[in-house]
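Please look through the sequence and the 3D structure shown here. The paragraphs after it go through some of the parts one by one.

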Amino acid sequence: MVPTLGRTLILLALLAASAGSIVGFATGARPNAAGWKWARRLAYAFAAFMALANLTMEYALLTHDFSVSYVAHVGSRAVPTWVSIVSLWSSLEGSILFWGLVMGVYVAVATWRKADEHPEYMPYAVGVWLACGAFFSFLLAGPAQPFGTIPNPPLDGPGPNPLLQNHYLMVIHPPFLYSGYVGMTIPFGLACAALLVGRLGNDFIRPLRNFLLTSWIFLTCAIVLGGWWAYEVLGWGGYWAWDPVENASFLPWLTATAALHSALLVERKGVLKGWTVILVLATYLLTILGTFMTRSGVFNSVHSFTQSAIGPTILVFLAAALLFSLVLLALRVDSLGSDGRLETGPSRDVMFLVQNLLFVLFTFTVLLGTVFPLVVEALRGLQMSVGRPYFDKMSVPTGVALLFVMGVGPALPWGRATRQQLRSALLPPLVGAGALAAVGLALGVRNVWTLLALLFGGFTAQVTLSEMFLPVRQRMRTRGEGLAEAFRQAQTRGRRRFGAYVVHAGAVVVIAAIAVSSTMGSSKEIQLNQGQTTTLGAYQLTFVGAEQVSEPHRESVRARVEISKNGRSLGTLYPRMSTYENQREPIGSPAVHTSLTEDLYLSIHNIDGAAGTVGLLVLVNPMVCWIWIATAIMALGGLVALVPPLRGATAAAPAPGASAIAMEGSS
Amino acid sequence: MATSSGAVTATAPRVNRKVLLAGLAIVLPLLAVLVANLGRDPHTVRSPLVGRPAPPFRLVPVGGGTPISLESLHGKPVVINFWATWCVPCFQEHGALVASARFLRDVQFLGIVYEDEEGKTDEFLRERGTSYPSLMDKDGRTAISYGVFGVPETFFIDPEGRIVEKYVGPLDRGTILSLVAQARGGGR
């Protein structure tokens, strides 16, 4: 009964998406009101069927209906209710079903928000979105069917992957990731529509940028949440390992970040239209490549789903999407044209270009490192791993260069700069640069790259802060407003600009924190007997004993470790080894004592309650929590930039023609 | 609306060769590599030893006792697991191997200790239990003859003594079952 209902809903979603896609394209080619109405209806229908299919699956998971193949695969009566709910995205088929839901929501919202605007573009966009929707519905209807029928349902199931139950971050990471990944479908559809129409005007670059930014915020959070999860759960003490699946989420982030910047040049100067469209297309294609990497079993990774038959299907879709994009680009990219000319000389314009090239270079570097082992495997039958050294060697200089550009770019004026302007723009921030580097040197930083990161970080931080508050200072000076009033006014009028600089400020902190945490940490591995004490840096650790903890879904042995720093007690940490219901192998969970300056990180290698011994990996990781904090700042900045300027503010604007774009340019 | 799309179709589509060629230069090799690797299990490594007779050895079990040689196991499928106590994935797969060895009575499971001390190994096995012998490979000669380059690596050997499959990384029970089935059948 439930499996049949689920399968029917998926078939209906497939039907709605396929029909809607055809209607969308047809209406785009021959605009007519009836066609557009139907395209919209079918888009909503697709979203509704996907939502219902997801509800059906949740119902089956919560009622432990093991006649549904997916429930029999991941469900269990032994797990808490919240685990049953999030089991929806814990395994392959369910995650694609959830993907369908996210996609439905995005398509419905985008269709609804823009239904009355951009009449020539929107039918094409809906056509492209629903074509992508049709593919994922097809995946669910066939190769990744979650609603298979189990003729003789078992009484209980194995439960989801224990790693999912091990930490709450695993509950929120996938929804963020999917919201970031799937959300890229919307700008993809809009960019394709711009190509199909043959025009990319200022009116259309805005929705494109806004949807791109929405997904970018989610993706940024997802990448860092993934790193945070790895840090808190996997127990090796790091947060990023250049694993193929991590790279899969990083690649579209890089191109999306580049596109967000080049979109600004489209808006301001009418240049780089084709380039921006290429970046948006590449972003979506990289999300599909990422999906393939995570779900085909071709890449060896700690994060990937188990091997599955859906790899070939996704590959066919990837190939089709790649070739469609390529042919569309080749045919139409010239028709987008350009309304202006890019400045040459030293200017903010050129720094935008440099930034874009650096991001694209970064994308190629990571892509090459990810795919290279496969090339070697295919050509010579050798297995090899490119591994961290390559990625570190390539990404450190690129990251430092980006930091540099992030400081110099905003410091420079638009258009051509005079020598005098250059001097007054570039000299003052050297104070910030010197200050931060000096602090680093004083605290013992000797690594050249870390010092460079601090140097450029200080420069960029000063530029960012002064640019962020420039409109406030201007208002205070020219209009005589008080600080609070000027801040509020500048805020409401130049939101995008302010938000963008908040993102930059966050990014500076993230890069500095990564540089410091990866070069300034210390670690040791040690075997301790009960009552024994060890020290690492300023920390003393005493292994008090091992204890058994029973919970409904897991049994754990945990080590009670009392920690103190410079003789002052910091409490007790409990790194543990847990064995889950229905799972054989125990899973270690590290314990972390976090402070603003550094983390003390304990991970169990082995523990013996009877003999009273524990093998511990002890790490001191400086500044790690600033990565999480600064990412939140970045996301917040993105949100600030996304929220449209308040209506009251636009109404109060002196002239209706003075749009937010003009305000942004007022620097 | 009609005029603008009409205007576009009116201009004959000119193909931007540069974009097309540059795109193809990136896209086609990428697709070719992905297609070539499709269906490959990243855990099974194509070893030149697969299909060949397994290199012989004669090694003493952990904690002493009579040496065990591969020759003496002729006629039975054999699973040889190279492992070490310092290797986290080995720790993960240990339970699956012990349970499978108990369950698959007609298959001989053997552990070969890779670059580790006998004391630590003995302690590990006593703590976590085992159901099959682990052998000390003191000078690492057996590991070299099997071309082991990291642990865990597991070899599945048919009753004739030929290597049927080599698996890199931690095993689970399902994989053990299917690879043992291959070893029983003498490979593909």
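Bear in mind throughout that the model is predicted. A513(A) also belongs to the largest nonpolar core, which has 195 residues. Within that core, the residues that touch the most other members are F46(A), A194(A) and A513(A). Helix α10 of chain A, residues 202–234, supplies the largest share of this core, with 20 residues. Another core, of 40 residues, lies apart from it and includes F57(B), F109(B), L135(B) and F155(B).

Is α12(A) enclosed by the rest of the structure or left open? Of its 23 residues, 23 are buried, so α12(A) is largely enclosed by the rest of the structure. Helix α8 of chain A, residues 169–183, has 15 residues. From its first C-alpha to its last, α8(A) reaches 21 Å, close to the 21 Å expected. Its buried residues include M170(A), H173(A), F176(A), Y178(A) and Y181(A).

L62(A) lies in helix α2 of chain A, which covers residues 33–62. Is L62(A) buried, partly exposed or exposed? There are 14 other C-beta atoms within 10 Å of L62(A), so this residue is partly exposed. L62(A) and R477(A) are 415 residues apart along the chain, and their C-alpha atoms are separated by 62 Å.

Next come the domains of chain A. The domain assignment gives domain 1 as 428–519 + 629–645 + 660–664, and domain 2 as 522–622. Taken over C-alpha atoms, the centres of domain 1 of chain A and domain 2 of chain A are separated by 38 Å.

Chain A also has an open sheet of four strands, in the order β1-β10-β9-β8, with antiparallel pairing. Why is one side of β1 and of β8 left without a neighbour in the sheet? Strands β1 (522–529) and β8 (591–594) of chain A stand at the edges and each has a single partner strand, so one side of each has no neighbour in the sheet. From one strand to the next, the twist averages 20 degrees. Strand β9 of chain A (residues 598–608) runs antiparallel to strand β10 of chain A (residues 613–622), and 10 bridges join them. E598(A) has P622(A) in β10(A) as its bridge partner.

Chain B is assigned two domains, domain 1 (2–37) and domain 2 (58–184). The C-alpha centres of these two domains of chain B lie 53 Å apart. Five strands of chain B form an open sheet in the order β5-β4-β3-β6-β7, and here the pairing is mixed. At the edges stand β5 (134–136) and β7 (163–168) of chain B, each with a single partner strand, so one side of each is left without a neighbour in the sheet. Neighbouring strands of this sheet are turned by 20 degrees against each other on average, direction ignored. Strands β3 (residues 78–83) and β6 (residues 153–157) of chain B pair in the antiparallel sense over five bridges. In β6(B), F156(B) is the bridge partner of V79(B). Helix α6 of chain B, residues 173–184, packs on the sheet and touches β3, β6 and β7 of chain B. The direction of α6(B) makes about 160 degrees with that of β7(B).

Key: Residues numbered from 1 in each chain as written. Chains lettered and ligands numbered in written order. Predicted model: local features only at pLDDT ≥ 70, side-chain atom pairs only at ≥ 80, totals over all residues. Domains from an automatic or database assignment. Pairing = 2+ DSSP bridges. Helix = DSSP H or I, 4+ residues; strand = E, 2+ residues; numbered from the N terminus. Axes fitted to C-alpha atoms, helices over the stretch in contact; angles between N-to-C directions. Contact = placed C-beta atoms within 7 Å. Expected span 1.5 Å × (residues − 1). Buried ≥ 20, exposed ≤ 12 C-beta atoms within 10 Å, placed from the backbone. Core = buried A, V, L, I, M, F, W, Y, C linked by C-beta atoms within 7 Å.
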